[in-house]
Amino acid sequence: SGEDQFTSSVLHQSMGDLPSHRVMYFTYMHEPGIKISPAWNLGIGQLRNRISNYYLIDVWLLNNDVVFHKSGWLSALSERLHITGTGMVGTSAMSLFGHPFVTGGIWGFNLAKALTVAEDGKILDERMSYSCMDVDLSIRMANAGYVVTHVPGVEFGDDPMLTHLVSQTV
């Protein structure tokens, strides 16, 4: 069943580059024929159902076309996300018609904050199957008053921590 697949695919461990009190749950959702947004919503929903302290949960969405060059990327992103008022953070940022949004190989948000802008209980718009989920959620977060930002040097710059191969998933 889907529940059994989810349970067997969750890894619970502490990350070496994060403070010891932060615990991460890794989820890989693979259902034949399911698109990215519904799969991510399914995984996020399962997390929400299992953990009652939403404010403690940071959700990191990782594309499968990322090449890692060095450690420290998760710590850098996590530290930026925990600055007061921040709603979303990513490895890069762009702007669309004056609306800033985070994007890149990895982007994330605090679950409690994202639930305040969820539509019909879903954080990601499932009509957007392979792209623009980051744009949509960023705009909803910004409209709710949260800061939407990136961490310079993680994905771009002279010595980036990672490289996103861009659209290789599709």
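I shall begin with a strand pair: β5, residues 86-96, and β7, residues 147-150, pair in the parallel sense over four bridges. Please keep in mind throughout that this is a predicted model.

Strands β5 and β6 run antiparallel and are joined by eight bridges. Within this pairing, S95 stands opposite P100 of β6. The two strands form a hairpin with two residues between them. In that turn, F97 has a positive phi of about 50°.

Four strands, in the order β3-β6-β5-β7, form an open sheet with mixed pairing. Which strands stand at its edges? They are β3 and β7; each has a single partner strand, so one side of each is left without a neighbour in the sheet. From one strand to the next, the twist averages 70°.

Two helices deserve mention in relation to this sheet. Helix α3, residues 73-81, packs on the sheet and touches β3, β5, β6 and β7. The direction of α3 makes about 100° with that of β5. Helix α5, in turn, lies across β5, β6 and β7 and runs at about 110° to β6.

To place these elements in the chain as a whole: there are five helices and eight strands. Read from the N terminus, their order is α-β-β-α-β-β-α-β-β-α-α-β-β. The chain has 170 residues, of which 43% are buried. Of the contacts with a separation of 6 or more, 63% are between residues 24 or more positions apart.

I turn now to the interior. In soluble globular proteins, nonpolar side chains tend to be buried together. Here the largest nonpolar core has 21 residues, and those touching the most other members are M88, W107, F109, I123, L124, L137 and M141. Which of them provides the largest share? That is α2, with four residues. Apart from this core lies another, of 12 residues, including V66, L77, I106 and L162.

Setting aside residues up to four places away in sequence, L137 touches M88, W107, F109, V117, I123 and L124.

A further residue of interest is R140, which is found in helix α5. Is R140 buried or exposed? With a relative accessibility of 11%, R140 counts as buried, because the cut-off for that class is under 20%. Beyond its neighbours within four places in sequence, R140 is in contact with V117, A118, E119, K122, I123, L124 and D125. V117, I123 and L124 are therefore contacts of both R140 and L137 under the 4.5 Å criterion.

Next, helix α2 itself. The helix is mostly covered, with 11 of its 15 residues buried. The buried set consists of I36, S37, P38, A39, W40, N41, G43, I44, G45, Q46 and L47. How does the span of α2 compare with expectation, and what is the distance between its end C-alpha atoms? At 1.5 Å a residue, its 15 residues should span 21 Å, and the end C-alpha atoms are 21 Å apart, which agrees.

A search of the whole structure finds three aromatic pairs. In one of them, the ring centres of W40 and W107 are 6.0 Å apart and the planes stand at 80°, so the pair is edge-to-face. This pair links distant parts of the chain, as W40 in helix α2 and W107 in strand β6 are 67 residues apart. Both W40 and W107 are buried. W107 also forms an aromatic pair with F109; this one is tilted, with 6.4 Å from centre to centre and 45° between the planes. F109 is buried, as is W107. Through these ring pairs, W40, W107 and F109 are linked into a cluster.

To close, W107 and F109 bring two of these topics together: both belong to the ring cluster, and both are among the core residues that touch the most other members.

Conventions
Residues numbered from 1 in each chain as written. Heavy atoms only, no water. Core = buried A, V, L, I, M, F, W, Y, C linked by side-chain atoms within 4.5 Å. Buried < 20%, exposed > 50% of the residue type's maximum accessible area, 1.4 Å probe, protein only. Expected span 1.5 Å × (residues − 1). Pairing = 2+ DSSP bridges. Phe/Tyr/Trp six-rings, centres within 6.5 Å; stacked < 30°, edge-to-face > 60°. Axes fitted to C-alpha atoms, helices over the stretch in contact; angles between N-to-C directions.
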